[in-house]
Structures are given as C-alpha cells and as structure tokens.
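Colleague: I have this one open on my screen and would like to go through it with you. Could you take me through it slowly?

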Amino acid sequence: NSVALLRIQGLRWVGRSFGLLLAIACTLVPALPLGGYLSQPPLPFAAMWLAYGWAADGGGGWRAPVIIMALGLLQDWLSGGPLGLYALLFVGAYVLGGRAAAFMQSANFLSPWMGLGVTLIGVFVLAAICVPLALGPQAGLGAFGEALAVTGLVFPLVRPLYMNASTGNRP
C-alpha cells in the first residue's frame, strides 16, 4: 500500500530530523555556561549516534559525512580546541560505524549496540593517536572516554531516532 509506505517514510523523516536536532543540541549545550549535568561528560556525543546510525543504514550519500564533519567543526570551534580534531573523530566514527554495522548483521537487540560499542572503542583508539599530536603529550582522554561510555549506554533509548528497525537485517 503506497499510503502506508508514505506514512512510514514520513515518520522516519520526522525521527531522523529530531535525531539531527538532538545531535546539534548535544553539541551546543556543553558550550553554554550551565555546568553540571549539561557539560560533556556526562552529556553524550549525539553526533556519534548520528554517525553510526547513518553509516549502519548505508544512507545519507555524500550529505551524511558532510553534516557529521560540520558537527565536528562546530564542536571544535565551541570547545576551543584545534579545528578539525572532532571533525576527524566524528567522520572516523562514520567510517568505523559502517564497517562495524556490516560485521554485526544479525537481527537482534544487541547487534546494533555492539556495533556502536566497537565503533566507540575504535574512535577512542583514533583519539589516543590524534589527541596527543593535536594537543600535546600531556593531553588526557579521561573525559572523552567518559562521554563515549555515556554515549554507548544511552544508545538503546535513542536508537529509533538514528537507525531503521530493520538495519540489523541488512544483506
């Protein structure tokens, strides 16, 4: 039925739009002088959900990595760090997420979560290589690791905003 298909596509578009707005908000809010629970960590990297979800669904074409890179550049600018570091990490999450999702293809609840977990571990390794080069050997990764852990723990609650229900069944 074409009406049902249009309705499902419309709902998916609304969910994806809300997911993108959540990623933008989670990028902007830590830069505000609100402190406490609205800093990073404990606020998750919603851009990682966006990167993994879009890569796992195999969609987005050229727009997905460009939007993810733009979120990374915004995060760089707001955090006062070197321009391009978060952009590299977020686009790295997109690339790693596509690989992890292709490997985790079974249709169960844990596969997308494990795929994101593998992606986040890969991003942490990438950060362990890039952060000392960008910020110096004294730069710590503790807060970044905590934010990645929160990102992974909260993912099952927000997964419908970033991934199709059938993503685990990809051929």
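Modeller: Let us begin with a term: a residue is called buried when its relative accessible area is under 20%, and exposed when that area is over 50%. Please keep in mind that this is a predicted model.

Colleague: Where is the confidence lowest, and where is it highest?

Modeller: The mean pLDDT of the chain is 83, with 83% of its residues reaching 70 or more. Confidence is lowest in helix 1, residues 2-28, where the mean is 74, and highest in helix 3, residues 63-79, where the mean is 92. The pLDDT is below 50 over residues 167-171, and in the model this stretch has 16 contacts beyond near neighbours in sequence.

Colleague: Back to helix 3, then. At what angle does it pack with helix 4?

Modeller: Helix 3 packs with helix 4, residues 85-103, at an angle of about 150°, and their axes are 7 Å apart. Because angles over 145 degrees count as roughly antiparallel, helix 3 is roughly antiparallel to helix 4.

Colleague: Is that crossing left-handed or right-handed?

Modeller: The crossing of helix 3 and helix 4 is right-handed.

Colleague: Which residues meet there?

Modeller: From helix 3 they include Ala64, Pro65, Ile68 and Met69, and from helix 4 they include Leu85, Tyr86, Phe90 and Tyr94.

Colleague: New topic: where does alanine 134 lie?

Modeller: Alanine 134 lies in helix 5, which covers residues 110-135.

Colleague: Why does alanine 134 count as partly exposed?

Modeller: Alanine 134 has a relative accessible area of 37%, so it is partly exposed, since that class lies between the 20% and 50% limits.

Colleague: How far apart are alanine 134 and glycine 81?

Modeller: They are 53 residues apart in sequence, while in space alanine 134 and glycine 81 are 8.6 Å apart, C-alpha to C-alpha. For the chain, 71% of the contacts with a separation of 6 or more are between residues 24 or more positions apart.

Methods: Residues numbered from 1 in each chain as written. Predicted model: local features only at pLDDT ≥ 70, side-chain atom pairs only at ≥ 80, totals over all residues. Heavy atoms only, no water. Contact = heavy atoms within 4.5 Å. pLDDT = per-residue confidence, 0-100. Helix = DSSP H or I, 4+ residues; strand = E, 2+ residues; numbered from the N terminus. Axes fitted to C-alpha atoms, helices over the stretch in contact; angles between N-to-C directions. Parallel < 35°, antiparallel > 145°, perpendicular 65-115°, else oblique. Left-handed = near helix turned anticlockwise from the far one by under 90°. Buried < 20%, exposed > 50% of the residue type's maximum accessible area, 1.4 Å probe, protein only.
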